[in-house]
Amino acid sequence: MKILVCISSVPDTTTKITFTENNTKFNASGVQFVINPNDEFGLTKALILKETNPGSTVTVIHVGPVTNEPIIRKSLAIGADDAIRIDTDAIDAVQVANEIAAYVKANPFDLIITGKESIDYNGSIVPHMLGELLGVASVSPCIGLNINGTTAEMVAVVDGGKENVTSNLPVIVGGQKGLVDEKELRIPNMRGIMQARSKPLNVVPASGASASQSVNSYESPAAKSACTMIDANNVEELVNLLQNEAKVI
Amino acid sequence: MSVLVYIENTDGSVKKNVIEAVSYAIAYGTAVGKPVVGVSIGNVTDEELKKAGTAGLSKVIKIDGYDYNNHQIASSVLADIANSQGSSTVIMSSSNQGKGAAPRLAVKLGAGITTDVIDAPSSTAPVVVKKKGFSGKAILNVALSNDKNVITVAVNSFGVKESATDCSIESGSSTATDTTLAHVSFEKDTSKLSLTDAELVVSAGRGLKGAENWGMVDELAEALGAATACSKPVADIGWRPHHEHVGQTGIAISPNLYIAIGISGAIQHLAGVSSSKTIVVINTDPEAPFFKAADYGIIGDAFEVVPKLVAAVKAAKA
C-alpha cells in the first residue's frame with residue numbers, strides 16, 4: 001500500500017498571533033513553525049498502518065517554499081520513507097488541493113491522509129476538495145481508520161454523532177485527534193534524525209494552480225473589557241448579572 | 001440568478017445554525033441585489049423547512065429521498081440546482097455537513113470557496129468578507145477572486161436575524177448518485193445536548209482533581225440547560241471523553257455563555273472558546289490568565305463555589 005501524508009506548516013499552538021505591514025501580513029518574526037497538529041495524527045497513523053501492512057511505503061507531501069523544509073525533515077525523522085515538496089508559496093487551500101491533486105494524478109497512491117484542517121487558516125477544504133478532484137471518496141473529520149485488504153473502514157464525525165463508513169481504496173482521510181491517541185504520537189529519535197538526512201526529498205515544480213481568495217488585511221478579535229470580579233460568597237450576584245446584564249440565562 | 005442557501009437537516013430537524021446561514025444568505029442577497037432560494041436534501045417535513053421563513057426566506061426547493069450526510073450527493077444536488085438556476089453563489093453553514101459538501105461543490109461549479117465567514121460582504125466587486133482564522137486568534141478580510149463562490153457561515157457568529165416570511169416549499173428531483181462510499185451505521189451522540197449546538201456550556205479542567213468530581217459540573221449544566229465540555233489535559237488523562245475537549249486542537253465553540261471551572265486559560269484553550277459571547281471564570285488562582293479573557297470572574301475553590309452556584313441558579317429559575 002502506498003500512503004501519502006499531506007503536511008502543512010503552521011505556527012506553534014502557543015504563538016501569539018500578530019500582524020505587520022499595516023496589518024496586511026502575518027508577523028512570522030520569532031514564530032516557531034511546526035507540523036500542523038491534525039496532520040501529525042495522520043502521519044503516526046500512516047506509520048502504524050505501514051507496520052501492519054508489510055511492503056507499504058509512507059511518503060509525505062508539502063506545498064510550500066524551501067524555508068518550510070524543517071517540518072519535512074522532521075516528518076522523515078519521525079519515520080516517513082521519502083518526501084515531496086511542491087515548490088510554491090501557496091496563497092490558499094484551493095491552490096494547495098489542486099497542486100496535490102496534479103501530483104497524485106501523475107503518481108497514484110492508495111491512501112491519502114491530510115488533517116481535517118490546518119490550525120492557521122482553518123479552511124477544512126483540502127481533504128474533500130482532493131476527493132472531488134481525484135474522483136474518490138473522502139472522509140473528514142475522521143477518528144477511526146482500518147485497512148482490510150483493499151477496503152478502508154472509517155469512522156466519520158458527523159453532525160449529531162459518528163458514522164461508520166467503508167470505501168474501496170484509494171480514499172482520502174482528513175485526520176484529527178482520535179485517529180490515533182495523543183499518547184501514541186511518534187516523535188523523532190536520534191537514529192531517525194540521522195536517517196532523515198539521507199532520505200529522498202524531491203522538489204517538484206508547481207503545476208500553476210491558482211488561488212480563489214487572498215487576504216486583504218488581518219484584525220485581532222475585539223479585546224474584552226475588564227473582568228467583573230464577584231465575591232465567592234455572593235454567587236447570587238453572578239446569577240443576577242448573567243440574567244439581567246449579560247442576558248444569557 | 002438567485003443566491004442559493006443549503007437548508008440542511010440533521011435527522012429531519014433544521015437547527016439554529018442553518019437558520020443563521022439563511023440570515024446570512026438574505027443579507028448577502030441584499031448586498032448583491034439578488035433573490036435567495038433554499039435547497040433541502042433528504043427526508044424532512046415541510047413544516048420543519050418553513051422555519052427558514054422566520055429568517056426571511058420565501059422559497060425552498062426540496063429534494064427527497066437522499067442520505068443528508070452524504071457529501072458527494074449533497075454537492076451534486078446543489079451543483080445541479082445552481083446550474084439550472086444560474087446561481088453564482090451558494091451559502092451554507094460551517095457544520096460538518098456544510099464543510100463536507102462545500103469543497104466538492106466548489107470543484108463541480110468551478111467556483112472559489114471561503115469558510116467560517118462571520119459578516120456580510122463589505123464590498124461586492126470583488127466580494128470582500130470577514131472570516132475567522134488562526135483558531136479564533138484573528139479575523140481575516142478576504143477578497144474572493146472568482147465570479148462564482150461557495151461560502152460557509154461560522155456557527156453562532158452572524159446571528160439569526162428574525163424576519164417572518166411565508167416560505168413556500170417546492171418539490172425538485174435529482175439523479176445524483178454516489179458509489180464511492182458505503183454508509184454502514186450511524187452512532188447517535190448520546191449526550192443530551194450537542195456541544196456545537198449548545199448556547200450555554202459548562203466546562204471544567206484539572207482544577208477538579210479527578211473524574212469522580214464531575215457530578216457538580218453535570219448538576220450545574222443540568223440546572224442551566226447547558227452542555228458540558230472540558231480542557232485538553234482532562235481529556236488526555238481520560239477523566240472526560242475526547243469529544244468534550246474544546247480548544248485549538250479539540251473543537252472550537254462560540255456559545256452565548258461559557259463557564260470555565262478550574263481551567264487556567266492556556267492560549268490553546270482560549271483559541272477554541274474566546275469567541276463565546278459571555279465568559280465566566282471560576283479559579284482559585286487570581287493570576288490565572290483566563291481572567292483576562294473573562295467577563296465575570298470568581299476567585300475561589302470550585303468545590304465550594306460550584307454547589308452554591310447550582311443552588312443559586314435553581315433558585316433564580318424557580
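Which residues in the largest nonpolar core touch the most other members? The points below take up this question after some remarks on the model and its chains.

1. Basis of the model. This is a predicted model, in which local features need pLDDT of at least 70 and side-chain atom pairs count only at pLDDT 80 or more, whereas totals for chains, interfaces and linings use all residues. Residues are numbered from 1 along each chain as its sequence is written, and chains are lettered from A and ligands numbered from 1 in the order in which they are written.

2. Chain A. There are 6 helices and 15 strands in this chain, where helices (H or I, at least four residues) and strands (E, at least two) are DSSP runs numbered from the N terminus. The C-alpha atoms of chain A fill a box of roughly 65 × 45 × 40 Å along the principal axes. Of its 249 residues, 49% count as buried, a term that requires 20 or more other C-beta atoms within 10 Å of the residue's own, while exposed stands for 12 or fewer and partly exposed for what lies in between, with C-beta atoms placed from the backbone.

3. Chain B. This chain has 8 helices and 16 strands, its C-alpha trace spans about 60 × 40 × 40 Å along the principal axes, and 58% of its 318 residues count as buried. The radius of gyration of chain B is 21 Å, which agrees with the value near 20 Å that a compact globule of 318 residues would have; the radius is taken over C-alpha atoms, and the globule rule is 2.2 Å times the number of residues to the power 0.38.

4. The cores. To return to the opening question, A:Val5, A:Ala97, B:Val5, B:Leu78 and B:Ile91 touch the most other members of the largest nonpolar core, which has 129 residues. Such a core is a set of buried Ala, Val, Leu, Ile, Met, Phe, Trp, Tyr and Cys residues joined through C-beta atoms within 7 Å. The largest share of this core, 8 residues, comes from helix 1 (residues 16-32) of chain B. Apart from it lies another core, of 54 residues, including B:Ala204, B:Ala235, B:Ile263 and B:Ala288. In soluble globular proteins, nonpolar side chains tend to be buried together.

5. The contact between the chains. In chain B, 77 residues are in contact with 60 residues of chain A, two residues being in contact if their C-beta atoms, placed from the backbone, lie within 7 Å. Helix 4 (residues 96-109) of chain B gives the most to the side of chain B that touches chain A, with 9 residues. By class, that side of chain B has 32 nonpolar, 30 polar and 15 charged residues; here Ala, Val, Leu, Ile, Met, Phe, Trp, Tyr, Cys and Pro count as nonpolar, Asp, Glu, Lys and Arg as charged, and the others, Gly among them, as polar.

6. Strand 15 (residues 228-230) of chain A is joined by 3 bridges to strand 16 (residues 296-299) of chain B, and the two run parallel; A:Ile230 stands opposite B:Ile298 in strand 16 of chain B. Strand 15 (residues 278-283) of chain B is joined to strand 16 of chain B by 4 bridges, also in parallel, and B:Val281 has B:Gly297 as its bridge partner in strand 16 of chain B.

7. One exposed residue. B:Ser171 lies in strand 10 (residues 168-171) of chain B, and B:Ser171 is exposed, with 9 other C-beta atoms within 10 Å.

Key. Two strands pair if DSSP finds at least two bridges between them.
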